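User: I would like a close look at a single part of this structure. Please walk me through it in short steps, and set it in its surroundings.

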Amino acid sequence: MLTSSRPQVEQWQAFRARIHGAGRDERASLLAAASDQVRRDVLTMIERAGLGHVGGDFSVTDILLTLYAAVLSVEPARPDWPDRDRLILSKGHSAAALYATLASCGFFPAAALTTFMAPLSALNGHPDRTKVPGVETNTGPLGHGLPVGVGTALAARLRHSSARTVVVLGDGELQEGSNWEAAMFAAHQRLGSITAVIDRNGLQQGARTEDTNALEPLADKWRSFGWHVTEVDGHDHASLAEVLAHTAPDRPTAVIAHTQKGRGVSFMTDRVEWHHKVPNDDELALARAELSR
Amino acid sequence: MIESTPVHPVAGVRPAADPPALFDCRKAFADELATLARTDERVVAVCNDSVGSSNLAGFRDEFPDRLVNVGIAEQNMVGVAAGLANGGLIPFVCAAAPFLTGRALEQIKADIAYADRHVVLCGMSPGVAYGQLGPTHHSIEDLSWLRAIANLPIVVPADPEQTRAAVRWALSTDGPGYLRVSRTPVPELFAPGTPFEPGRFLQLTEGEDVTLIAAGTLVWRAAEAAAVLRAEGISARVLAAPFVEPLDQAAVVAAARETRGIVTVEEATVSGGLGAAVAGVVSRYSPARVRSLGIPGVFAPTGDAEFLLDHFGLTAGGIAESARQVLADAGR
């Protein structure tokens, strides 16, 4: 099990305080810069590992970074704090983005990122909660996160805790029926403390979602299941911070975050082949240049 | 090399009345669960519209907030249980064994076993208990499926007392577990206080000729088979396996060395359960003849549970006959 990094926790706390005190535009630019740092870390991790899911990592980065820097109540030095908010990454193949974000909060030292997918590393290609502090459940197979999130939200209610649960889902994985079992039950239980954030990049591994097994009208689906639905630009940090801070009383909330796969790097953006393609040296240099502007 | 540890001898196996009074272990399960819930508020029950079939009406009435009924949705049920455990509760997931294990197998693997969650998966009415309802409702594959998953103890209690002990053990341990809670009626076999430990068999009778290793609902039938054999001058060692995983490897090796063959007996397919586990141990450490009795790679025909157990030779007579065959093969 990795352990927290004190200097990094302190840096993250200072960053959070700055975000909290900033105006809307300054907050957005601070979050955007931190998100691009996460993307650069992800590139390095994938370069070293020779493997990874860069497209989905980059579509979800702004969502994860905003949650940890501006929304969630967590204590990286105390990952088992009973009243912490829970972030469950249902799209477990975006583990690299999650690891880089958790490291930026000090859940574990950033140096560990260099071991991503290396033999015997704690940082498996999909997250393992028994090895990585901050990971709430083991994901990888799709359609697992939302049921687990419903359970954590129910547990918080039973224990009279005000903890929130945020489940980040891929859009393609909504084709798994287990999500809709959980969606139905969360609404039946009037679980206001749970938020499902859908990383709606429109692409799954092999093609567009709408050309594979169409999800639209997606907002209507969630509404018809009894959820409060909001839609947001998933790369607009200021809006994300506002939307994600909001919950509805007695009703679960679905946030459809409109995103682009491969966001941040022009030649990866909205391109299905970058689901898990590994950039070559020239592409890495180009990508790093674009992410350092 | 497996270290040799003496098997727990059970002095207190109760002499069966003739015919013995038989019990559905689901009642003992529900009673013990409610007892524990009274003193440990972390205990919650999770079910899939199975309040009746899991005998949870009493629990629901006493702890209405602590019964989570997800409806007919097994994948969600197991995921929700993992989340409840994340929140500090100890869920006992109560659902008909075929649907709990078959429908939610990936959730059991990823959300419970791999994620190392203290969730107790309680497979109700396993084996061929649902008889005439047919193979869709028989849970004979569960032991094979679950034995392939790491970090998942598999408990197969043989009577009401062992069922209560299993519930207490599952609460006291710190990780996942699968409990097979039988509906097929069984007599009371074990006295309160009988040892109940992972990786330890119980020895019901001594014997040097042949060993009968049984789990769950067939332990008492194995004991009856030993009595039949004894009358013929064959001494059978009867071992009860409350844990199919972890297995009592030392007791298996001792049986392989000290008797001339082993018969395993379980209300499950023989492809991967107790019989396969025993065969794996003897083939590695002490080759011996093993015959596995169970459901032999077929979907059962129509018939009630009693008929099906007879049909597949899972009776005192059928077990005794297998023992005779093992001894014949061994060149007695």
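Analyst: **From two annotated spans to one residue**

In this predicted model, residues 36-290 of chain A have end C-alpha atoms that lie 10 Å apart. That span is 38% helix and 11% strand. UniProt, in an unreviewed entry, lists these residues as "domain: Transketolase N-terminal".

An unreviewed UniProt entry places "domain: Transketolase-like pyrimidine-binding" at residues 23-188 of chain B. Here the end C-alpha atoms lie 7 Å apart.

Now look at where the two chains meet. On the chain B side, 24 residues are in contact with 25 residues of chain A. Two elements of chain B each give two or more residues to this side: helix H3 (74-86) and helix H5 (105-114). H3(B) gives the most, with nine residues. By type, this side of chain B divides into eleven nonpolar, nine polar and four charged residues. For the model as a whole, the scores are ipTM 0.96 and pTM 0.96.

Next, take chain B as a whole. It holds twelve helices and 13 strands. Its radius of gyration is 19 Å, close to the 20 Å that the globule rule gives for 332 residues, so chain B is as compact as a globular protein of that length. Along its principal axes, the C-alpha trace spans about 60 × 45 × 35 Å. Of the 332 residues in chain B, 58% are buried. Consider also the contacts in chain B with a separation of 6 or more: 80% of them join residues 24 or more positions apart. Confidence comes last here. Chain B averages a pLDDT of 95, and 95% of its residues score at least 70.

Finally, zoom in on one residue. Val252(B) sits in helix H9 of chain B, which covers residues 249-258. Is Val252(B) buried or exposed? Count its neighbours. A residue is buried if 20 or more other C-beta atoms lie within 10 Å of its own. Val252(B) has 29 C-beta neighbours inside 10 Å, so it counts as buried.

Which residues does Val252(B) touch, leaving aside its neighbours within four places in sequence? The contacts are Leu247(B), Val278(B), Val281(B) and Val282(B). There is also a distance to check in the 3D view. Ala277(B) is 25 residues from Val252(B) along the chain, and their C-alpha atoms are separated by 9.8 Å.

Technical notes: Residues numbered from 1 in each chain as written. Chains lettered and ligands numbered in written order. Predicted model: local features only at pLDDT ≥ 70, side-chain atom pairs only at ≥ 80, totals over all residues. Contact = placed C-beta atoms within 7 Å. Helix = DSSP H or I, 4+ residues; strand = E, 2+ residues; numbered from the N terminus. Nonpolar A, V, L, I, M, F, W, Y, C, P; charged D, E, K, R; others polar. UniProt positions renumbered as here; feature names shortened; annotations may be inferred. Rg over C-alpha atoms; globule rule 2.2 N^0.38 Å. Buried ≥ 20, exposed ≤ 12 C-beta atoms within 10 Å, placed from the backbone. pLDDT = per-residue confidence, 0-100.
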